[in-house]
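Hi,

Here is the structure I promised to hand over. Have a look at it first, then read my notes below.

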Amino acid sequence: ENVCNVIDDEDTTRKALEQFWLTGICLLGASSAGFPTPEMLQSAAGEFPNDDIDSEDFDWTNTIQRGCAEVEEHNIKLVYVCKTLWNRYGRWKGF
């Protein structure tokens, strides 16, 4: 996203976004679990209703500590992305 913000060429930006989504689709397709079924997505959506909560209602401290404690470096990166998206999109509980 940040890289696309500094590219001055619309065609290059579109190509970068296309590659991003194609990579995500390839990763999902290559995973042992495969693509989620509509039922799985509906079930997950039901677990995380889209209602706003105050920032005081959710404390990220434990989530951040657990992400930092993991050996896998991607876990803390995922925590960072989720918290950033949580702030950006109205503190949706799904993050």
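**What I found**

Let me start with Thr13, which sits in helix α2 (residues 10-30). Helices here are DSSP runs of H or I with at least four residues, strands are runs of E with at least two, and both are numbered from the N terminus. Thr13 counts as buried because its relative accessibility is 16%; the cut-offs are under 20% relative accessible area for buried, over 50% for exposed and partly exposed in between, with a 1.4 Å probe and protein chains only. Leaving aside residues up to four places away in sequence, Thr13 touches Cys4 and Ile7, where a contact means heavy atoms within 4.5 Å.

Before going on, a word on where this comes from: it's a predicted model, so local features need pLDDT of at least 70 and side-chain atom pairs count only at pLDDT 80 or more, while totals for chains, interfaces and linings use all residues. Residues are numbered from 1 along each chain as its sequence is written, and side-chain values use heavy atoms, with hydrogens and water left out.

Now the overall picture. The protein has five helices and zero strands, giving the order α-α-α-α-α from the N terminus on. It has 95 residues, and 8% of them count as buried. Of the contacts between residues at least 6 apart in sequence, 44% join residues at least 24 apart. The accessible surface is about 8,000 Å², with 57% belonging to carbon and sulfur atoms (Shrake-Rupley method, 1.4 Å probe; for residues, only the protein chains shown count as cover).

How many aromatic pairs are there in the whole structure? The search finds two. A pair means rings of Phe, Tyr or Trp (its six-membered ring) with centres within 6.5 Å; planes under 30 degrees apart are stacked, over 60 edge-to-face and the rest tilted.

- Phe20 and Trp21 are edge-to-face, at 5.0 Å centre to centre and 80° between the planes. Phe20 is exposed at 54% relative accessibility, and Trp21 is exposed at 57%.
- Trp60 and Trp86 have ring centres 5.5 Å apart and planes at 65°, so this pair is edge-to-face too. Trp60 lies in the loop between α3 (38-47) and α4 (61-69) and Trp86 in helix α5 (residues 73-88), so the pair ties together parts 26 residues apart in sequence. Both Trp60 and Trp86 are buried.

Last, the cysteines. The structure holds zero disulfides, a disulfide being a pair of cysteine sulfur atoms within 2.5 Å. Cys26 is exposed, with 54% relative accessible area, and Cys68 is exposed at 52% relative accessibility.

Cheers
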